[in-house]
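This briefing is a guide to reading one protein model. Please keep the sequence and the structure in view while working through the points below.

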Amino acid sequence: MIGVWPLFTFLRDPPPHIRRLFGAVMLGLAMLVLPWMGAEPSLAPPGDGYTDKILHVLCFMGLGILGFWAYRSRRGRVLVVVLLLILGIGIELVQGMVPERQASVEDVVADVAGLVVAIILLRQWPLARDMLFDRIWKAGRQGD
């Protein structure tokens, strides 16, 4: 019986071309969908202004982590940051043109905060990865 070990190894560290392709597709989709969502008045977040800021931080943190996972070179990661900053500013420009929505500098600041959190998590990832994956690795290898 073939276990899940090869799948786990593939998911842990897929080949670079698959990782970059997946990252490019997902970031490309985000660059298409997020400005549309920003222009759609019915998709404005409910509640106070803090809900919107939290969503911006979480969204750009997730996009940053995805981009940094997909593109591991320094040049690739700088490109991810630049593209996500352009995306954040672009979303606000689109919202500024929609009568029912409003652009805000605070949203761009929240986007930058999300990217900063992603960078901090990226810097701490080796510690978390070693703590998590080494235990799984040892547990999985004991069954071989």
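**A charged network**

Asp107 has a relative accessible area of 2%, so this residue counts as buried. The model discussed here is a predicted one. In it, Asp107 and Lys53 meet through their side chains in a salt bridge, at 2.8 Å from N to O. This pair connects distant parts of the chain, since Asp107 belongs to helix H5, Lys53 belongs to helix H3, and 54 residues separate them.

**Salt bridges and their partners**

- Side chains of opposite charge can pair when their charged atoms come close.
- Searching the whole structure gives 2 salt bridges.
- Besides the bridge to Asp107, Lys53 forms a salt bridge with Asp52, in which the closest N and O atoms are 3.4 Å apart.
- Through shared partners, the salt bridges join Asp52, Lys53 and Asp107 into one network.
- Asp52 is classed as buried because its relative accessibility is 16%, which is under the 20% limit for that class.
- Lys53 has a relative accessible area of 24% and is therefore partly exposed.

- Asp111 is located in helix H5, which covers residues 105-142.
- Which side chain of opposite charge is nearest to Asp111, and how far away is it? The nearest one is that of Lys53, at 9.0 Å.
- Asp111 is buried and takes part in no salt bridge; for such a bridge, the nitrogen and the carboxyl oxygen must lie within 4 Å.
- Leaving aside residues up to four places away in sequence, Asp111 is in contact with His56, Phe60 and Gly88.

**Tyr71 in a loop**

- Tyr71 sits in the loop that runs between helix H3 (49-70) and H4.
- With a relative accessible area of 21%, Tyr71 is partly exposed, because the buried class requires a value under 20%.
- Although Tyr71 and Arg19 are 52 residues apart along the chain, their C-alpha atoms are separated by 7.7 Å.
- When residues up to four places away in sequence are not counted, Tyr71 touches Arg20, Gly23, Ala24, Leu27, Gly76, Arg77 and Val80.
- Two of these neighbours also approach the side chain of Tyr71 through backbone atoms: the backbone oxygen of Arg20 is reached at 3.1 Å, and the backbone nitrogen of Ala24 lies 3.3 Å from a polar atom of that side chain.

**A nonpolar patch on the surface**

- Which residues form the nonpolar patch on the surface? They are Met31, Val78, Leu79, Val82, Leu83 and Ile86, and together they have about 490 Å² of accessible area.
- Helix H4 (residues 74-97) provides the largest share of this patch, with 5 residues.
- Val82 is part of helix H4, and its relative accessibility of 40% places it in the partly exposed class.

**The chain as a whole**

- The protein chain contains 5 helices and 0 strands, and along the sequence its pattern reads α-α-α-α-α.
- Of the 144 residues in the protein chain, 26% are buried.
- Among contacts in the protein chain with a separation of 6 or more, 75% join residues 24 or more positions apart.
- The chain exposes about 9,700 Å², and 72% of this area is supplied by carbon and sulfur atoms.

How values were computed: Residues numbered from 1 in each chain as written. Predicted model: local features only at pLDDT ≥ 70, side-chain atom pairs only at ≥ 80, totals over all residues. Heavy atoms only, no water. Patch = residues over 30% accessible without salt bridge, like charges linked within 9 Å, V, L, I, M, F, W, Y side chains within 5 Å. Areas by Shrake-Rupley, 256 points an atom, 1.4 Å probe, with all protein chains shown as cover. Helix = DSSP H or I, 4+ residues; strand = E, 2+ residues; numbered from the N terminus. Buried < 20%, exposed > 50% of the residue type's maximum accessible area, 1.4 Å probe, protein only. Contact = heavy atoms within 4.5 Å. Polar contact = N/O pair within 3.5 Å; in protein donor to acceptor, adjacent residues only side chain to side chain. Lys, Arg positive; Asp, Glu negative; His and termini not counted.
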